[in-house]
Amino acid sequence: PMHDSDRLALSDDRWYLEVAYARYGDPFFAAAAGPRPEGPEIDHRSERLPESRTLGLEAAAFTLFWGEETLPVAPFQPRSSNDRHEGLAVLRDAANETAVLFDYGPALEGHVHPAKLGMVLFAGGDIRLVDPGRAPYAHPLQHGWYRRTIAHNTVAVDERDQRPAAGRLRAFAAREDWALVRADTVDAYPGVTLDRTLLLAGDVVVDVFQCRGGGAHTFDLPLH
């Protein structure tokens, strides 16, 4: 999860992938959707994520009205990607089943937490560096912890939360055996620039976080 989201299985939203394949014709979406469930499988819940949603009749309606009659059969080969509009880069190494999610997005409010340039690491079959996600919105911990900068894998300055800030993409590149992303923000703290570069090569992650500001500051980089 990132920000006010829950941890879900990819299969929870597979019907959107079918619609994406029907709309764009990219076999990647069909491979990500996987085999179409039928009968009792429509209400099957992920065994690894028991808190996730079942597919349900909503999925059947999506694929019936907006999907394709048949899907091509192809292995799912995840690749590194970068969505400039969302401000989310995903560095992937399929051979080692390793992925790094990097949030540099433009969003400033709503369900967005004060955690610009935050990252999540998936390796060895599970999330190793986690984003806290959310608590029930009325719970004191939602604003007391989950929406605090220190609860995320990014820099907090002078023991304060980040201000609403947009990030700026500086570089993104993906090749067969490595992927890299760099972004910065100048608005999270007055007079301070946060600049982060992440490189994934095989099962090795290189994280370079540069913090620049006039005067004396305390920089904390928690890793959860």
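Reader: Happy to look at this with you! Where is Arg147 found?
Author: This is a predicted model, in which local features need pLDDT of at least 70, side-chain atom pairs count only at pLDDT 80 or more, and totals for chains, interfaces and linings use all residues. Residues are numbered from 1 along each chain as its sequence is written, and side-chain values use heavy atoms, leaving out hydrogens and water. With helices (H or I, at least four residues) and strands (E, at least two) taken as DSSP runs numbered from the N terminus, Arg147 is found in the loop between helix H4 (140-146) and S6.

Reader: Is Arg147 buried or exposed?
Author: Buried means under 20% relative accessible area and exposed over 50%, with partly exposed in between (1.4 Å probe, protein chains only). Arg147 has a relative accessible area of 18%, so Arg147 is buried.

Reader: Which side chain makes a polar contact with the side chain of Arg147?
Author: A polar contact is a pair of N or O atoms within 3.5 Å; within protein, one must be able to donate a hydrogen and the other to accept it, and residues adjacent in sequence count only if both atoms are side-chain atoms. The backbone oxygen of Val112 lies 3.0 Å from a polar atom of the Arg147 side chain. The side-chain partner, at 3.2 Å, is Asp4.
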